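This report examines one protein structure, moving from its helices to its loops and its ligand. Please keep the sequence and the structure in view while reading.

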Amino acid sequence: MTKVITYGTYDLLHYGHVRLLERAKALGDYLIVGVTAEDFDRSRGKINVSQSLMERIEAVRATGIADEIIVEEYEGQKIDDIRRYDVDIFTVGSDWVGKFDYLNEYCKVVYLDRTEGISSTQQRNEKCAIKLGLVGESNVVNKFAREAEYVNGIELSGVCAQDDKFLSEQVKNLDRVTQDYKELLEKTDAVYIISHPSKHYEQIKLALENGKHVLCESPVALEKQQCRELYALAKEKKLILCDALKTAYSMAYFRLLLQAKTGCIGKIICVEATCTSLSEKIEENEQEFDFSWNSFCSWAPTAMLPVFHLLGTNYKKRNIVTKLLNEEKHYDLFTKIDFVYDDAVASIKVGKGVKSEGELIISGTKGYIYVPAPWWKTDYYEIRYENAENNTRHFYQLDGEGIRYELVTFVKAIESGNIKSNMYMDEEISLAISKLVEEFENDIDITKI
Ligand code: C2G
């Protein structure tokens, strides 16, 4: 019996895939198909896969061509499988010519002509090309424009910014630039907003009222009630509204949360998160303050994420200490918040005028999780114990600081229409963030140094 093996993602199964499977089967008597696991696909840059592993396995099974289906989970598994299953022939489409010649050492390698004119990417793009408008005066707009190129099903409809200086200096090779937000909305299905927080409420409300989905940098609003109102409006209109906190969408961060919740470090007693970036020099210039976010709005939502994700949003009390640069504009150089829960504490430090170690430490009764700086865009974390021999290290590919994964999640939520499908960010955390922003911006029980 001649055993043949082939591998693939097999997302949105199409006739190109089926033809490959048929010709692979014809090479021998028994065909094994390795379907790729989500993590393996992400690690090799395939972030747009629409279907789950089980859906893809079922689709391959339904063709009736495969004699056996396995899951491909790691780099190098092909060598293991060829030996384990005593395979005679490895085959794959000609788009991979040369990439698997190393397998000639273990079995015969055959590249089959790829079927032209069809691909999963093409199917994803045809499914729904969401027109995305970028709104705001930040060079992150350029980052988003670059990252959107990695995401199937999105096309940029334009950029809207009020600041002439930003438009002339920062908006590079992005055509379709406008200062008219309504004009942008007319040619858009969804908007990404990174304008000054004071503009978020009005801009989000107008977008939702015009039937547009919204991905907005946190805080979504400067007042909790406004935030609640916006989420209610999004629900009423069956639209997606979510915080654009890219950290929440990065695999390493999400997996460390899950591991922390398994009890591997025991009961979590303390969460400490620091986010600082001396990224811009704020001159004492009114213009700068109009567009520049203060430290609190720039970083506190991110720093609060692990606190709220792990300890919840029902803290008993909190203590906010801040050092302001500009009293009237409420621009803080550095702010520290301490939270007290029934049986845990948390502390966050944020600053654009102070530099500190941007690490995240989650302390438990059996051990602790350590995330090195810059923890908010990490691809790596450690779980450490008293006996260092038990320490474990974890790495998860993170391309583009997490923005592309955020966009993929946003697109999938729009396509599925399932607001809850966004398991990374939810309304409760968004509300808790807006509540603290409101208290900070209105000097409610704040200590100034
Ligand atoms: N294929 C094809 N014609 C197409 C599209 C895909 O012949 N129009 C082939 C691919 O060459 C591959 C198989 O169908 O052999 C599955 O394709 P994908 O699902 O795109 O997965 P891919 O990552 O290309 O699979 O490690 C090997 C890779 O996993 C190969």
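## Helix lengths

The expected span of a helix is 1.5 Å times one less than its number of residues. The model discussed here is a predicted one. Helix α1 has twelve residues and should therefore span 16 Å; its end C-alpha atoms lie 16 Å apart, which agrees with the expectation. The buried residues of α1 include Gly16, His17, Leu20, Leu21 and Ala24. Viewed down the axis of α1, its buried residues fall within an arc of 135°, so they line one face of the helix.

Helix α9, residues 197–209, can be treated in the same manner. Its 13 residues should span 18 Å at 1.5 Å a residue, and the end C-alpha atoms are 19 Å apart, which agrees. Pro197, His200, Tyr201, Gln203, Ile204, Ala207 and Leu208 are buried in α9. After α9 comes Gly211, which has a positive phi near 75°.

Which residues other than glycine have a positive phi? One of them is Tyr10, with phi near 55°, and another is Leu12, with phi of about 50°. Tyr10 is found in the loop between β1 (3–8) and α1 (15–26), and Leu12 also has its place in the loop between β1 and α1.

Are these residues buried or exposed? A residue counts as buried when its relative accessible area is under 20%. Tyr10 has a relative accessibility of 4%, and therefore counts as buried. The value for Leu12 is 17%, so Leu12 is buried as well.

## The ligand and its surroundings

How many residues surround the ligand? There are 20, and the closest are Tyr10, Lys78, Asp95, Thr115 and Ile118.

A backbone N or O atom of Gly93 is 3.0 Å from an oxygen atom of the ligand. For Thr9, a polar backbone atom lies 3.2 Å from a ligand oxygen atom. For Tyr7, the distance from a backbone N or O atom to an oxygen atom of the ligand is 3.4 Å. On its own the ligand has 610 Å² of accessible area, and the protein covers 96% of it.

## Cis peptide bonds

Where in the chain are cis peptide bonds found? One joins Ser218 and Pro219, with omega of about 5°. Pro219 belongs to the loop between β10 (213–216) and α10 (224–236).

Another cis peptide bond runs from Ala373 to Pro374, and its omega is near -5°. Pro374 is located in the loop between β17 (367–371) and β18 (380–385).

## Domains and a buried arginine

According to the domain assignment, the protein has domain 1 (3–118), domain 2 (122–246) and domain 3 (251–397). The C-alpha centres of domain 1 and domain 3 are 42 Å apart.

Arg404 lies in helix α14, which comprises residues 403–416. The relative accessibility of Arg404 is 9%, so this residue counts as buried. What does the side chain of Arg404 contact? It makes a polar contact of 2.6 Å with the side chain of Glu147.

Methods:
Residues numbered from 1 in each chain as written. Predicted model: local features only at pLDDT ≥ 70, side-chain atom pairs only at ≥ 80, totals over all residues. Heavy atoms only, no water. Helix = DSSP H or I, 4+ residues; strand = E, 2+ residues; numbered from the N terminus. Buried < 20%, exposed > 50% of the residue type's maximum accessible area, 1.4 Å probe, protein only. Domains from an automatic or database assignment. Arc of directions from axis to C-beta. Near = heavy atom within 4 Å. Polar contact = N/O pair within 3.5 Å; in protein donor to acceptor, adjacent residues only side chain to side chain. Areas by Shrake-Rupley, 256 points an atom, 1.4 Å probe, with all protein chains shown as cover.
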